Amino acid sequence: MVLFIAGIFGPGIAAISVVRYASGQNGLHSWLWRSIQWRLGWRWLALSFFLPLAVMALAAAVHIALGIPSDDKELPRNHYQSESSPTTDRPVNRHSWSVLQRNFSIC
């Protein structure tokens with residue numbers, strides 16, 4: 001988990017450190033100020049917010065209109081998916097489940 005967080009914030013922290021080292025506190029302040037100033041009109045901001053929502057709504061509408069099943073239980077089964085896991089009702093591969101039982105059983 002620590003590496004995941006470091007991977008997310010690492011590049012930003014590195015950029016701040018380099019700018020602070022190279023330009024000092026005033027350079028860092030001006031760089032951060034330029035980073036948050038946007039020169040976009042309200043239409044572009046609205047488009048950037050509502051376009052992903054519209055695309056997701058369109059995909060959901062097409063999904064529903066085509067009658068694609070929304071749950072695993074409605075999908076057709078094959079010979080690998082004939083049993084259910086004892087912990088969940090999701091289908092599992094028989095061979096994989098027997099290997100897991102054999103290698104990781106408590107008893």
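**The patch and its surroundings**

Tutor: Start with confidence, as this is a predicted model. The chain has a mean pLDDT of 76, and 64% of its residues reach 70 or more. Helix H2, residues 42–65, has the highest mean of the elements, 91. Strand E1, residues 83–84, has the lowest, 50. Where pLDDT is low, the predicted coordinates should not be read in detail.

Now the layout. The chain has three helices and two strands. Along the sequence they run α-α-β-β-α. Of contacts between residues at least 6 apart in sequence, 0% join residues at least 24 apart.

On to the patch itself. Its members are Trp38, Leu40, Trp44, Leu45, Leu47, Leu51 and Val55. Look at Leu40. This residue sits in the loop between helix H1 (2–36) and H2. Leu40 counts as partly exposed because its relative accessibility is 47%, and that class lies between 20% and 50%.

Finally, look at two aromatic residues, Phe49 and Phe50. Both are exposed. A search of the whole structure finds one aromatic pair. The ring centres of Phe49 and Phe50 are 4.9 Å apart, and their planes meet at 85°, so this pair is edge-to-face. The cut-off for that label is over 60 degrees.

Technical notes. Residues numbered from 1 in each chain as written. Predicted model: local features only at pLDDT ≥ 70, side-chain atom pairs only at ≥ 80, totals over all residues. Heavy atoms only, no water. Phe/Tyr/Trp six-rings, centres within 6.5 Å; stacked < 30°, edge-to-face > 60°. Buried < 20%, exposed > 50% of the residue type's maximum accessible area, 1.4 Å probe, protein only. pLDDT = per-residue confidence, 0-100. Helix = DSSP H or I, 4+ residues; strand = E, 2+ residues; numbered from the N terminus. Patch = residues over 30% accessible without salt bridge, like charges linked within 9 Å, V, L, I, M, F, W, Y side chains within 5 Å. Areas by Shrake-Rupley, 256 points an atom, 1.4 Å probe, with all protein chains shown as cover. Salt bridge = Lys/Arg side-chain N within 4 Å of Asp/Glu carboxyl O. Contact = heavy atoms within 4.5 Å.
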